[in-house]
Amino acid sequence: MIDILEKRHSVRSFLKQELPTDIINKIRSEVTYINSHEAGLNFQLAFNDGAPFEGFKRSYGMFRNVSNYLIAVIDPTFSHAEERAGFWAENFVIELVKMGLGTCFVGGTFSRGDVSAIVEVYEKIPFVVAFGYPDVEHTSFLGKVTSSFAHRKHREPESFLKNQDESKKLAAESGIDLWVALRAVKCAPSALNKQPVSLTVKDTEDGVNLYAEVDDYKKNAVDLGIAKCNVALAVPGVWEWGNDAPFFPNQ
């Protein structure tokens, strides 16, 4: 699984190629599963609709030929709705990567007023996920700039670990696969291109566990959920929701 997570990269240029029916049905099935298992999430899909990304004012020229996207519609009155949306959207993304599709989390450079979604007055759209067949031959100028900027901020896995000496010691003593977890966080996409998530290992009254946190939960809850999903896929287990919450690996 870690190989699949590291294979994923953000795609901003897509082919003008419609998705086959069997792929569309698999994608719909993934969204149905998410919505039926997570309260407060109302994920919706748009196919063959590029309206939210058309024109420089909407996407700042960063995207090319976007015509399919997931709309993360959430009810923010539900506990940890944005974090859970990030978690399940990343799970959705990895399933699409397995299908040979390219994806990109988009937190700001799209027109919310033009998305093809039914949104109640109490709901919000924190992000969308563009997807389709990648166009490796053509990428917009600003898309290349954004990609190169992200590469310049390429970080080593250990840079995502807090209290490094103590965390490594506790992980070694308890058998936590810390290196794989850090690799999973390193390759996690970020809705706002920040990668703000850190891991640490703590010895508390609940035992020795892995924890994930961000400095500003309200602003970075989506990215925390994305990173937690990557860890749970690479080191199977269950997270508690919330900032600085523990992870319990499967026994």
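**The α7 and α8 contact**

Modeller: Helix α7 covers residues 178-186, and helix α8 covers residues 217-234. They pack at an angle of about 140°, and their axes lie 8 Å apart. The crossing of the two helices is right-handed.

Now look at the residues that touch. From α7 come Val180, Ala181, Ala184 and Val185. From α8 come Ala227, Asn230, Val231 and Ala234. Seven residues of this contact are nonpolar, one is polar and none is charged. Asn230 is the polar one.

How far can the model be trusted elsewhere? The protein chain averages a pLDDT of 89, and 90% of the residues score at least 70. Two stretches need care. Over residues 56-60 the pLDDT stays under 50. The model gives this stretch 14 contacts beyond four places in sequence. Residues 140-152 also have a pLDDT below 50. Beyond near neighbours in sequence, residues 140-152 have 15 contacts in the model. Where pLDDT is low, predicted coordinates should not be read in detail.

Asparagine 48 sits in the loop between β1 (44-46) and α3 (56-59). Its relative accessible area is 51%, so asparagine 48 is exposed. The cut-off for that word is over 50%. Phi of asparagine 48 is near 55°, a positive value in a residue other than glycine. Most residues other than glycine have a negative phi.

Asparagine 65 lies in the loop between α3 and β2. Here, too, phi is positive: for asparagine 65 the value is near 60°. Asparagine 65 has 25% relative accessibility, so this residue counts as partly exposed.

Move on to threonine 77. This residue belongs to the loop between β2 (69-74) and α4 (81-98). Threonine 77 has 65% relative accessibility and therefore counts as exposed.

Return to the helix pair to finish. Val180 and Ala181 are among the α7 residues at the contact, and Val231 is one of those from α8. The crossing there is right-handed, and the contact includes no charged residue.

Notes: Residues numbered from 1 in each chain as written. Predicted model: local features only at pLDDT ≥ 70, side-chain atom pairs only at ≥ 80, totals over all residues. Heavy atoms only, no water. Axes fitted to C-alpha atoms, helices over the stretch in contact; angles between N-to-C directions. Helix = DSSP H or I, 4+ residues; strand = E, 2+ residues; numbered from the N terminus. Left-handed = near helix turned anticlockwise from the far one by under 90°. Contact = heavy atoms within 4.5 Å. pLDDT = per-residue confidence, 0-100. Buried < 20%, exposed > 50% of the residue type's maximum accessible area, 1.4 Å probe, protein only.
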